[in-house]
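Let's take a walk through this structure together, starting from the whole chain and ending with a few aromatic rings. Keep the viewer open as you read.

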Amino acid sequence: MSDASAPHAADRRELTAAQRNAVAELLRVSPVADELGRRFVRAGHELHLVGGSVRDALLGRLGDDLDFCTDAHPDETLQIIKGWAESIWETGREFGTIGAQRDGLRLEITTFRAESYDQVSRNPVVVYGTSLVEDLKRRDFTINAMAVSLPDHRFTDPHGGLDDISAKVIRTPSTPGESFGDDPLRMLRAARFAAQLRFAVHPDVHLAMTGMAADLDRITAERIRDEFTKLLCGADPITGLRLLVDTGLAERFLPELTGLKLEIDEHAQHKDVYEHTLTVVENAVSYEEEGCDFILRMAALLHDVGKPATKAVGSDGRVSFHHHEVVGARLTKARMKAMRYPKEITAKVTALVALHLRFYGYGRGEWTDSAVRRYVADAGDLLPRLHKLTRSDCTTRNRRKAAQLAADYDALEERIARLAAEEDLARVRPDLDGNAIMELLGVPPGPVVGRAWKHLKEQRLEQGPLDRDAAEAELLRWARAEGLIT
């Protein structure tokens with residue numbers, strides 16, 4: 001191993017017993033790492049476990065993806081792992097990364113980098129580096145700038161990442177201004193790590209994020225989307241969201257979130273929509289059953305974005321937001337499209353925003369069975385999420401009101417369950433299919449069949465299931481009214 005990779009005396013950090021055990025456990029359960037390291041050494045190259053893998057090992061949260069860096073160039077890496085790796089992929093080759101799989105582990109091996117930027121381009125220009133220390137210096141944060149050399153297990157930490165992990169703080173190896181100037185996406189990554197790790201950003205980092213927020217405009221929507229998704233799916237998304245708003249970063253790509261900070265008029269008071277929204281997100285997280293439900297969290301975040309545009313103060317001083325769910329759904333669709341989210345995900349979030357107010361009024365006994373059927377039919381496969389979003393939206397401090405709303409929704413869910421058992425609500429369809437409609441009316445496939453099908457579905461929602469004779473009679477009645485038959 002060359003001297004370039006050896007840590008200076010000032011770069012060494014004593015590991016606590018827990019941290020030593022964490023790294024030891026990483027290497028114990030991953031003999032692949034040492035085996036791979038020996039192959040690189042025999043070929044005259046270095047190999048180091050690096051970045052997020054070292055950080056996560058120290059935090060006791062390592063997964064099955066391992067990151068390595070090396071002085072070997074991609075062609076040399078390919079030669080070293082050829083015949084050893086169970087599979088190899090080169091999708092990251094232009095960035096110096098070769099991927100491989102071995103014994104159930106995904107390995108990414110990247111050539112030392114010394115990236116350069118022209119301060120205008122949206123993506124880094126990759127320049128291969130020559131040493132581990134140089135590679136670590138160009139990384140985003142100190143907690144990601146540590147390495148464990150293989151196979152000798154030397155620990156290198158030239159920027160105090162271990163201390164920052166202990167302090168739960170996010171700092172940059174170089175000055176924040178230099179780091180964020182190189183890649184403005186790092187500002188969003190700081191907020192993402194704050195959400196994922198429950199760490200605080202260093203005051204200097206916070207100051208730079210605030211002063212350089214506009215630089216985020218240099219970054220593509222897709223890269224911003226991916227970082228934001230990880231932030232929202234973090235263990236503590238509220239911390240990350242507050243950081244985005246407080247630094248002005250949210251204004252650059254999600255201005256609707258900042259817009260929720262409505263001015264509170266002392267003469268026309270209403271609840272703080274911004275704080276309410278964050279509470280709804282927090283509530284939604286608590287309803288998740290397994291892992292992050294991004295669609296639910298995003299709907300919780302955007303459910304009230306229509307309120308600023310619909311705010312009105314009545315003559316009695318009461319504030320209203322009539323039809324804010326309609327406006328909110330439109331804004332949600334536009335914003336998620338701008339952030340390049342897939343159409344299917346956008347459609348689901350938008351539908352939840354549009355439906356989130358539907359429940360209110362149920363407790364006053366105004367809903368018929370028909371209304372319940374429509375609620376279920378309109379929600380479709382989103383019904384379980386709609387249940388969670390509606391319950392999450394109850395943030396009142398009035399215990400009696402909160403208890404009443406919860407009881408009302410319990411009653412609605414019980415009613416849905418009863419009707420579902422009787423009528424298979426999950427698949428509300430007309431009592432006659434297209435073939436039966438064509439046969440009875442004597443018409444070919446076309447718009448008439450579609451109109452008849454839609455009418456019968458409406459009748460199904462209004463009246464519940466009809467037997468065959470009743471369904472045929474209703475179809476004939478409709479056809480006569482439409483002048484299709486005499």
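**From the whole chain to its rings**

Let's begin with how the chain holds together: of the contacts between residues at least 6 apart in sequence, 66% join residues at least 24 apart. Do keep in mind that what you are looking at is a predicted model. The chain has 486 residues, and 50% of them count as buried. Its secondary structure consists of 24 helices and 11 strands.

Now turn to the empty space. Rolling a probe the size of a water molecule over the atoms shows where such space is left. Here the largest pocket has a volume of about 1600 Å³. A total of 44 residues line the largest pocket, and if you want to find its centre, look for Asp67, Glu108, Arg113, Arg189 and Lys230, which lie nearest to it. Several elements give two or more residues to this lining: the helices α3 (52-59), α8 (185-197) and α10 (221-232), along with the strands β2 (65-70), β4 (97-102) and β5 (105-111).

Which element gives the most to the lining of the largest pocket? That is α8, with 6 residues.

Searching the whole structure turns up 4 aromatic pairs. One of them is formed by phenylalanine 141 and phenylalanine 193, an edge-to-face pair with 5.9 Å from centre to centre and 85° between the planes. Phenylalanine 193 sits in helix α8, while phenylalanine 141 is in the loop between α5 (132-137) and β6 (147-150), so this pair ties together parts that are 52 residues apart in sequence.

Another aromatic pair has a contrasting geometry: phenylalanine 294 and tyrosine 341 are stacked, with 5.3 Å centre to centre and 25° between the planes. Why does this pair tie together separate parts of the sequence? Phenylalanine 294 belongs to helix α15 (residues 294-302) and tyrosine 341 to the loop between α17 (324-338) and α18 (343-355), so the parts it ties together are 47 residues apart. Phenylalanine 294 and tyrosine 341 are both buried.

How values were computed
Residues numbered from 1 in each chain as written. Predicted model: local features only at pLDDT ≥ 70, side-chain atom pairs only at ≥ 80, totals over all residues. Heavy atoms only, no water. Helix = DSSP H or I, 4+ residues; strand = E, 2+ residues; numbered from the N terminus. Buried < 20%, exposed > 50% of the residue type's maximum accessible area, 1.4 Å probe, protein only. Contact = heavy atoms within 4.5 Å. 1 Å grid on protein atoms, 1.4 Å probe; cavity = no way out; pocket = protein on both sides within 12 Å on 5 of 7 lines; lining within 4 Å. Points joined across faces, edges and corners; volume = space filled by probe spheres on them. Phe/Tyr/Trp six-rings, centres within 6.5 Å; stacked < 30°, edge-to-face > 60°.
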